[in-house]
Amino acid sequence: MVRLTAPDSLITERHVLTCAHVIGDATGADAAADAMPTEQVLVEFTQVPGRLLFTTRDTAITRAVGATCFEVTGLSIRESLRLLARWARLAVEELPREELEIAAECGYLALAMAMAGAMIAGRPERWPGVLRRLRQADLAKIAQPFSNYPYPDLLRAISVSIDALDPADRARYLELAVFDGRHPTIGAAQTLWRQSGLDDLDVAELLDRLAG
């Protein structure tokens with residue numbers, strides 16, 4: 001028998017069962033019910049200070065729970081160029097003249113800058129093409145399904161990064177929509193793409209390309 005003492009908010013039935021299993025393993029008890037110890041084991045949890053970090057675009061939530069709010073804004077120009085250079089695998093001083101224009105087209109948003117840099121990484125000849133694609137992206141069409149989304153420049157960068165994929169890779173990427181936003185395991189991706197003729201090594205290499 002396991003008896004737990006702690007502030008009510010910290011203990012649930014799931015925690016009780018977990019502790020019972022841990023204690024049983026630690027004492028070498030057999031899993032069979034008739035072999036379980038009958039003595040009482042007292043486990044005490046002390047109240048310890050802690051913090052919870054969460055993100056939201058609705059500041060009313062932070063006020064409702066009495067949380068301290070820290071607003072995250074866009075990057076400064078210097079921070080944007082540093083991030084762009086990191087993802088492009090260059091030193092900041094090696095960035096070409098398109099750097100400021102790409103940063104502006106990305107709205108100085110961290111994810112957009114990272115995606116733009118990743119499209120260029122190791123391929124410096126792509127700088128003009130990435131800038132041209134960002135400028136030519138049909139923002140009205142891209143943003144239409146996301147009418148309330150406050151960062152259209154990020155949507156532009158996402159659209160351009162998908163369009164820049166090799167056609168076969170792009171087709172496989174779009175097939176990931178079947179997971180409906182859930183991160184697929186490698187095994188699930190192997191099953192999905194096996195019908196497209198990809199073996200396990202092909203899948204691993206494709207996932208590396210998409211992640212890069």
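These legends describe close-up views of a predicted model.

The numbering starts from 1 along each chain as its sequence is written. In this predicted model, local features need pLDDT of at least 70, side-chain atom pairs count only at pLDDT 80 or more, totals for chains, interfaces and linings use all residues, and side-chain values use heavy atoms, with hydrogens and water left out.

**View 1. The whole protein, element by element.** The protein has eleven helices and two strands. Both kinds of element are DSSP runs, numbered from the N terminus: helices are H or I with at least four residues, strands are E with at least two. From the N terminus on, the order is β-α-β-α-α-α-α-α-α-α-α-α-α. Of the 212 residues, 26% count as buried. Buried means under 20% relative accessible area, exposed over 50%, and partly exposed in between (1.4 Å probe, protein chains only). A contact means heavy atoms within 4.5 Å. Among contacts with a separation of 6 or more, 56% come from residues 24 or more positions apart.

**View 2. I102 and W127 at close range.** I102 lies in helix α4 (residues 99–105). I102 counts as buried because its relative accessibility is 0%. Leaving out residues up to four places away in sequence, I102 touches L84, A116, I120, W127, V130, L131 and L134. I102 and A116 are 14 residues apart in sequence, and their C-alpha atoms are 7.8 Å apart in space.

**View 3. Helix α5 against helix α8.** The axes of α5 (residues 110–120) and α8 (residues 152–163) come within 9 Å and cross at roughly 20 degrees. The two helices are therefore roughly parallel. Axes are lines fitted to C-alpha atoms, for helices over the stretch in contact, and angles run from 0 to 180 degrees between N-to-C directions. Angles under 35 degrees count as roughly parallel, over 145 as roughly antiparallel, 65 to 115 as roughly perpendicular, and the rest as oblique. The crossing of α5 past α8 is left-handed. A left-handed crossing has the near helix turned anticlockwise from the far one by less than a right angle; clockwise is right-handed. L111, A112, M115 and M119 of α5 make the contact with D153, L154, A157, I158, V160 and S161 of α8.

**View 4. S161 in helix α8.** S161 is found in helix α8. S161 counts as buried because its relative accessibility is 14%. Not counting residues up to four places away in sequence, S161 touches M115 and M119.

**View 5. Helix α10 across helix α11.** The axes of α10 (residues 186–194) and α11 (residues 200–211) come within 10 Å and cross at roughly 110 degrees. These helices are therefore roughly perpendicular to each other. The crossing of α10 past α11 is right-handed. I186, A189, Q190, W193 and R194 in α10 meet D200, V203, L206, L207 and L210 in α11.
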